[in-house]
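Student: I'm new to reading structures like this one. Could you walk me through some of its features?

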Amino acid sequence: MRAFKITDMPCVILTGGQSKRMQIDQQQINKALLPFGKFSTLLAYQFDKMSCWFAKVYVSSKKPYDLQAPYLLDSTPSYTPLAGLVPTLSVANPFVFVIPVDMPFVTFETILKLYEHKDKALAIYPQSAQNFYLCSVWHKDALATLQQDSPPTMRALLAKLGALGVAVEANTEFSNLNTYGDYLEALQHLKDTHGR
């Protein structure tokens with residue numbers, strides 16, 4: 001258990017994607033609803049984990065799930081992460097931490113590293129040989145650029161904002177569960193590291 005929680009910055013878990021690559025027996029499955037460890041869903045796991053580290057945690061989605069949580073509903077027809085950012089930035093105080101539901105191994109240490117740089121740019125993300133744009137800290141002032149300029153991609157938005165990449169070491173912490181194979185590997189990693 002952590003000695004403290006981040007109280008001046010809420011966390012938003014992004015779940016508004018279509019999970020197109022998550023196929024089980026040729027059926028598309030919503031990855032947020034897959035069981036994960038001792039939790040009934042990956043979303044429940046991520047919500048519980050983030051609730052240990054943040055005083056306020058929201059779920060950004062197209063519609064509410066069965067999980068009892070505060071929801072930020074995205075009513076746009078788009079299924080991109082950019083669509084989820086509009087309601088997400090509405091709860092920034094003035095900052096908000098954003099994490100996708102399918103990145104379950106991000107550590108508190110990484111979140112603190114991003115948090116420590118929050119005053120240096122309108123968006124801060126982990127960077128190694130890859131950029132992990134969806135695990136990031138945002139300032140509410142990024143909303144104006146998002147709404148006015150409608151950048152086509154997350155990369156374009158971050159470039160327009162002059163976002164800051166904070167150096168991290170690429171490892172399992174930043175794994176996304178995009179496919180069923182990724183999901184099975186994550187379950188094994190969870191079992192190996194946490195005995196669940």
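Student: Which residues form one aromatic cluster?
Tutor: Keep in mind that this is a predicted model. The cluster is made up of Phe 36, Phe 39, Tyr 45 and Phe 105.

Student: How many aromatic pairs does the count come to?
Tutor: Rings count as a pair if their centres lie within 6.5 Å. By this rule there are eight aromatic pairs. One of them joins Trp 53 and Phe 108, with 5.3 Å from centre to centre and 45° between the planes, a tilted arrangement. Trp 53 belongs to helix α1 and Phe 108 to helix α3, so this pair ties together parts 55 residues apart in sequence. Both Trp 53 and Phe 108 are buried.

Student: Why is the pair of Phe 132 and Phe 174 stacked?
Tutor: Look at the angle: planes under 30 degrees apart count as stacked. The planes of Phe 132 and Phe 174 meet at 15°, with ring centres 4.4 Å apart, so this pair is stacked. Phe 132 sits in the loop between β7 and β8, while Phe 174 sits in the loop between β9 and α6.

Student: Is Leu 42 buried or exposed?
Tutor: Buried means under 20% relative accessible area. Leu 42 counts as buried because its relative accessibility is 1%. Leu 42 lies in helix α1, and the residues it touches include Phe 36, Val 101 and Leu 177.

Student: Where does the charged end of Lys 118 sit?
Tutor: Over the ring of Tyr 115, 4.3 Å from the ring's centre.

Key:
Residues numbered from 1 in each chain as written. Predicted model: local features only at pLDDT ≥ 70, side-chain atom pairs only at ≥ 80, totals over all residues. Heavy atoms only, no water. Helix = DSSP H or I, 4+ residues; strand = E, 2+ residues; numbered from the N terminus. Buried < 20%, exposed > 50% of the residue type's maximum accessible area, 1.4 Å probe, protein only. Contact = heavy atoms within 4.5 Å. Phe/Tyr/Trp six-rings, centres within 6.5 Å; stacked < 30°, edge-to-face > 60°. Lys NZ or Arg CZ within 6 Å of the ring centre and 35° of its normal. Lists of a residue's contacts leave out its neighbours within four places in sequence.
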